[in-house]
Amino acid sequence: MRKIQGQNFRLFVENAAVPESTNCSITINGNAEDISSKDSEGMYAQESILTRSWQATVESYKVDVAAIQSLIETFNAAQPVAVGWDQTLATAGTMNRNHANANFKRNGQAILNDLTFTFNDRATCTVSSQYQGTGGLE
């Protein structure tokens, strides 16, 4: 089994890799509920997934005036944007930002629901963005 390196797992927003990202995480939830009844066999709880949800978080050093303005406009619009993730390969293009079309590649629509800008003295500014999925994943 081949292992993926963290630098080759990238989050894509509007089909472009988030530039200068340092960390990203994906959370996929399946909310289960006990559906046991008198017809259930055995003593175990019978569960079924009732709802699914997902979210993606990315941290980046790409904080310039245009990036801040664009992110705030996206946040204020509260409209879904295309968000996805994929493996990238350093040999696939400049700056390790091209899709490799891995078997775990997924896309969906999400709303930017959380922004954190960090402006520390004598340090590169960072931004953390969280996207909440609004439907299923392709």
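How many bridges join strand 3 to strand 4? The number is 13, and the two strands run antiparallel. The model is predicted: local features need pLDDT of at least 70, side-chain atom pairs count only at pLDDT 80 or more, and totals for chains, interfaces and linings use all residues. Residues are numbered from 1 along each chain as its sequence is written, and side-chain values use heavy atoms, with hydrogens and water left out.

**View 1. Overall fold of the predicted protein.** The secondary structure comes to one helix and seven strands, where helices (H or I, at least four residues) and strands (E, at least two) are DSSP runs numbered from the N terminus. The order of elements from the N terminus is β-β-β-β-α-β-β-β. With a radius of gyration of 19 Å, well over the 14 Å that the globule rule gives for 138 residues, the protein is more spread out than a compact globule. The radius is taken over C-alpha atoms, and the globule rule is 2.2 Å times the number of residues to the power 0.38. The C-alpha trace spans about 65 × 40 × 25 Å along its principal axes.

View 2. Seven strands form an open sheet in the order 2-1-5-6-7-4-3, with antiparallel pairing; two strands pair if DSSP finds at least two bridges between them. Strand 2 and strand 3 (21-34) are the edge strands, each pairing on one side only. Helix 1 packs on the sheet and touches strand 5 (81-87), strand 6 (106-118) and strand 7, contact meaning heavy atoms within 4.5 Å. The direction of helix 1 makes about 120 degrees with that of strand 6. Axes are lines fitted to C-alpha atoms, for helices over the stretch in contact, and angles run from 0 to 180 degrees between N-to-C directions.

**View 3. Bridges around strands 6 and 7.** Strand 5 is joined to strand 6 by five bridges in the antiparallel sense, and Val83 stands opposite Gly108 in strand 6. Eight bridges pair strand 6 with strand 7, again antiparallel; Leu112 has Tyr131 in strand 7 as its bridge partner. Strand 7 is also joined to strand 4, by six antiparallel bridges, and Ser60 has Val127 as its partner there.

View 4. Leu50 lies in strand 4. Leaving aside neighbours within four places in sequence, Leu50 is in contact with Asn31 and Glu33. Leu50 and Ala32 are 18 residues apart in sequence, with 5.7 Å between their C-alpha atoms. The bridge partner of Asn31 in strand 4 is Thr51.

**View 5. The largest pocket.** Its volume is about 380 Å³. A pocket is an open set of points on a 1 Å grid over the protein atoms alone, where a 1.4 Å probe fits, with protein on both sides within 12 Å along at least five of seven lines; lining residues have an atom within 4 Å of a point. Grid points are joined across faces, edges and corners, and a volume is the space filled by probe spheres set on the points. Of the 17 lining residues, Val13, Val18, Pro19, Leu71 and Tyr131 are the closest to the centre. Helix 1 gives the largest share of the lining, four residues.
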